[in-house]
Amino acid sequence: MTNVHWLALFVLGALFGSSFVFAEILLESINVYTIVFLRITFAGLISLAVLVVYYRGRIIRDGMLFGVCMRQWRDLAIMAVFASIGPFVFVVYGQQFVTGGLASIINATAAFQGMILASLFFVDERLRFHRVVGVILGILGVVLAIGLQEIINFGAEALGGFFVLIAAFSIAVSSIWAKKRLQNVPIMVSVMAVNLLGALEMLPFVVTLHADQFALVTPKVLTTLILYALIASVCAFPLSFYLIKHAGSGIMPLNTIIVVPSAIVLEYIFLGVPLVINQLYGFIVIAVGLLLLDGRLLGMRLK
C-alpha cells in the first residue's frame, strides 16, 4: 500500500465512523425507518445529480442507462436490499439499545462473516488456518464487548448487538453479490443505484406505516440528514470502492478496525459518550482477529 492508500483508508474510517454518530443524533427526533429512508433517498439523489452532470445529460446510450444493462439493474435492485436497506435499518435499530461505539465494534464482524461466506462461494477464498483463528477471535471479541452475562440474560445491549450482527451479515452478503454479479458496474452508478433503488423499495412501507414521521423533520433534522447522506454514503462509498480496486480486497479488514476508534472519538466529542473497559478489550481482540484475517501479522498476503 502506498501513502495515498493509507491516507484514503484513514479518511474512509472517519467517514464511516461518523455514520454511527449521525444515527444517534437523529434517533432523538425521528424513528429508524424514516432515518434510513431519508438517508438513502438523499444519497441517491445527490449521486444521481453527480452522474447527470458527468454524463452531460446523456444518461441513455446504446439502450443502456448509465452504461448499465437491464440485467445489471435487476442485480443492483437486489444489491440495494443487502447493501443499503438491510445494514442501515439493523444498525440504526440496534443503536436504540447500544452506543455507536459498541455498534461499530460489532459491525466490524462483517469482515469475518464475509470471509466465511466467500469461502463457500469462491474457490480462491479458502479458510486457511490463520483465517479460522481470526474468525474465532472475532467471535470472542464480540462476546467480550457486549459482556457474557449480558448475552446470557439477553439484555438490552445483547439485543442491540444482535441487530448489528444481522447488519454485518447483510454487508457480508452484499460483498459476495457484488463480486459475483456487479464487477463491471461503474462505482458511482453502484452508489447511486443501491441508494435510490433502496429508497424506492422502502417507499411503500414508509409512506403507509410511518408517514407521520415526516412532520417531525425540522430544518435542523433535515440538515443533519443531508450531511449524513453526503458524508457517510456519497463520499464514503466511492472511496471504499477505490481502495478495493487499487489496494485490494484485503484493505477492508483494516478499514473496519479504523472505523471503531473513529466512531468512538467522534461520539465522545459530539455526544460525550465514553468507551467502557469491556468494549475496549473486545475491540482489541477483534482488531487482532482482523489483522490475522488479513494475514499481515504473519507476513502473508490476502488472496
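# Burial and helix packing in a predicted model

Arg131 is buried in this predicted model, its relative accessible area being 1%.

User: Which helix holds Arg131?

Analyst: Arg131 has a relative accessible area of 1% and is buried. Its place in the chain falls within residues 129–146, and that stretch is helix H6.

User: How far apart are the C-alpha atoms of Arg131 and Leu76?

Analyst: Along the chain, Arg131 and Leu76 are 55 residues apart.

User: Is Gln279 buried or exposed?

Analyst: Gln279 lies in helix H12, which covers residues 277–294. Its relative accessible area is 5%. Buried means under 20%, so Gln279 counts as buried.

User: Which residues does Gln279 contact, leaving aside its neighbours within four places in sequence?

Analyst: Gln279 belongs to helix H12. With neighbours within four places in sequence set aside, the residues in contact with Gln279 are Thr99, Leu102, Ile105, Ala145 and Glu157.

User: What term describes how H2 is set relative to H3?

Analyst: Helix H2 spans residues 32–54 and helix H3 spans residues 70–94. Their axes are 9 Å apart and the packing angle is about 140°. Angles over 145 degrees would count as roughly antiparallel. The angle therefore makes H2, relative to H3, oblique.

User: How many residues in the contact of H2 with H3 are nonpolar?

Analyst: On the H2 side the contact includes Val32, Tyr33 and Arg39, and on the H3 side it includes Ser84, Ile85 and Phe88. One residue of this contact is polar and one is charged; the number of nonpolar residues is 10.

User: What is the handedness of the crossing where H2 passes H9?

Analyst: Helix H9 covers residues 187–209, and its axis comes within 8 Å of the axis of H2. The two cross at roughly 140°, so H2 and H9 are oblique to each other. Where H2 passes H3, the crossing is right-handed. Where H2 passes H9, the crossing is left-handed.

User: Where in the chain is confidence lowest?

Analyst: The chain averages a pLDDT of 86, and 91% of the residues score at least 70. Confidence is highest in H2, at 95. Where pLDDT is low, predicted coordinates should not be read in detail. The lowest confidence, at a mean of 76, is in residues 148–153, helix H7.

Key
Residues numbered from 1 in each chain as written. Predicted model: local features only at pLDDT ≥ 70, side-chain atom pairs only at ≥ 80, totals over all residues. Heavy atoms only, no water. Axes fitted to C-alpha atoms, helices over the stretch in contact; angles between N-to-C directions. Helix = DSSP H or I, 4+ residues; strand = E, 2+ residues; numbered from the N terminus. Parallel < 35°, antiparallel > 145°, perpendicular 65-115°, else oblique. Left-handed = near helix turned anticlockwise from the far one by under 90°. Contact = heavy atoms within 4.5 Å. Nonpolar A, V, L, I, M, F, W, Y, C, P; charged D, E, K, R; others polar. pLDDT = per-residue confidence, 0-100. Buried < 20%, exposed > 50% of the residue type's maximum accessible area, 1.4 Å probe, protein only.
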